[in-house]
Protein chains: 2
Amino acid sequence: MGGGRIDVYMDIVSLYSYLAFLDLQQNGELLRAHNVEVEFHPVLLGAIVVGSGNKPPWTLPAKAVYFAHDVRRSIARFPGLVIQTPKDLMAVSKNIIPNRALHFIKSHHPPSTFLTILHYFMYLFWSPPNLDLTLPENVAKALLECPADFDGSIAAQGSEGVDKKKKKLFTKEQVEEIMKGTETPQIKEALKNTTQEALDKGAFGNPWIWVTDGKGRQEPFFGSDRFHFVYKFLGLPYQDVTLLPPGGRLVLSEGEDTAKL
Amino acid sequence: MGGGRIDVYMDIVSLYSYLAFLDLQQNGELLRAHNVEVEFHPVLLGAIVVGSGNKPPWTLPAKAVYFAHDVRRSIARFPGLVIQTPKDLMAVSKNIIPNRALHFIKSHHPPSTFLTILHYFMYLFWSPPNLDLTLPENVAKALLECPADFDGSIAAQGSEGVDKKKKKLFTKEQVEEIMKGTETPQIKEALKNTTQEALDKGAFGNPWIWVTDGKGRQEPFFGSDRFHFVYKFLGLPYQDVTLLPPGGRLVLSEGEDTAKL
């Protein structure tokens, strides 16, 4: 039963992409149990916003005020997650180098390595003191320092949380190879093409989630708050938002299928 | 424990307001059990969009395509709900007369009467054959024909579902009084002031949900899909969107508080 794919087009400069990533990571085991594959595709959010004719929500004053509420509430769904918006978000958002590095790593390293560095880049961008990843030297430094077992756990939040002595994800040679890779035509094209692919699939923002169900049907989902719709589309069992009676709580029933997990 | 208020600023021409209304009606008993009061405030959506400098999402082509998905998925959360968008939505959206009528009814009739006619107006506007409520004669006809026990149940969906012989919500004299009321300065001001109130509370769209918790703290919530945030803000027990294991389901635990309901 079930089965399908979730393709996430996302830029590390999109906070809601980071939250969607965390949600999908948290539900990773369950999604695998339902035979649903998840793949992340780095894109340039700026090119998607421009290409679709959209404008960032904060360009309207009333929306900017409201979105500050929505962002705070959305972050609060991930206990322990420390987020600080970079001071000059627009300036540090032209993250071409790290997105190219991600494409190189995706095509030259195992999927788990790609997921670890993707997570680490988002963590460095969104956690204080907010590393500026538009600078190639900062990207190289981040690649060198990324712990092999980085999982964004609470202890690692805040820049002091990263233990410099831990086993690293990449060797110095691998980092050099990755940084060289960001200058190759293939990798430049890969980032451009993936961004265009998202636009062709209707994207006007990030994360743009393209879902394929077990029968091959495909639909787009936008943002980090549409997973109830994604689960329904994939035919997966889920509980929607439910107000409970005073003192009430929901518990998972012990079915025979459940016992297998 | 609990307690608080949910003030919903909404226009009958806003489909997401209709869905928020249905959600709050479905959870009406539970909200009362938590001592949460719900009040609906008719406003002019057009004036809020213009007043905040916003644009409707369908003015961007990529958003229009995506929102058709989102609308369909949002409607599907209410089994049996039949929705048809009016052919010329912009033209029939200047619903000044029915919104004034709602303000008159709100201040001259019991709350249950107000909720019934509010529901009936949205039903007539959004169900085929989509009554044009910009015309005063259609508003008067709708007021005259509204069944006293209209609750939007599935049998009543589609225009043939309304039994013309049923007891009516208003007498002919009451309808005349309501229609006259829509031309009074007090009612004209009431609609204007309520719309301005929503703008002052940060609205850039509908439904604009202004929530006050048991301690008097207030925050805005936008749309029909933020009730998990509303429940959290009010300190109510709720289940958030949850992916379940294969064959899994959630059941309400039998606590002593639960038994009271």
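Tutor: Let's start with a term: two strands pair if DSSP finds at least two bridges between them. Strands (E, at least two residues) and helices (H or I, at least four) are DSSP runs, numbered from the N terminus. This is a predicted model, in which local features need pLDDT of at least 70 and side-chain atom pairs count only at pLDDT 80 or more, while totals for chains, interfaces and linings use all residues. Residues are numbered from 1 along each chain as its sequence is written, chains are lettered from A and ligands numbered from 1 in the order in which they are written, and side-chain values use heavy atoms, leaving out hydrogens and water.

Now to the strands. β7(A) and strand β7 (residues 250-252) of chain B pair in the antiparallel sense, over three bridges. In this pairing, Leu250(A) stands opposite Leu252(B) of β7(B).

Let's step back to the whole interface. Each chain takes part in the contact (heavy atoms within 4.5 Å), with 53 residues from chain A and 53 residues from chain B. Together the chains bury about 5200 Å², 61% of it on carbon and sulfur atoms; buried area is the accessible area (1.4 Å probe) that two parts lose on being put together, summed over both. On the side of chain A, Tyr66(A), Leu243(A) and Pro246(A) lose the most area to chain B, together 14% of what that side buries.

Charges meet here too. The rule finds 10 salt bridges across the interface, each a side-chain nitrogen of Lys or Arg within 4 Å of a carboxyl oxygen of Asp or Glu. One of them joins Arg77(A) and Asp240(B), with the closest N and O atoms 2.5 Å apart.

Which element of chain A gives the most to the side that touches chain B? That is α4(A), with eight residues. Asp70(A) lies in this helix and is buried, at a relative accessible area of 4%; buried means under 20%, exposed over 50%, and partly exposed in between (1.4 Å probe, protein chains only).

Over in chain B, Arg73(B) is found in helix α4 (residues 61-75). Arg73(B) is buried, at 7% relative accessibility, and among the residues it touches are Glu219(A) and Phe229(A).

Note on methods: Lists of a residue's contacts leave out its neighbours within four places in sequence.
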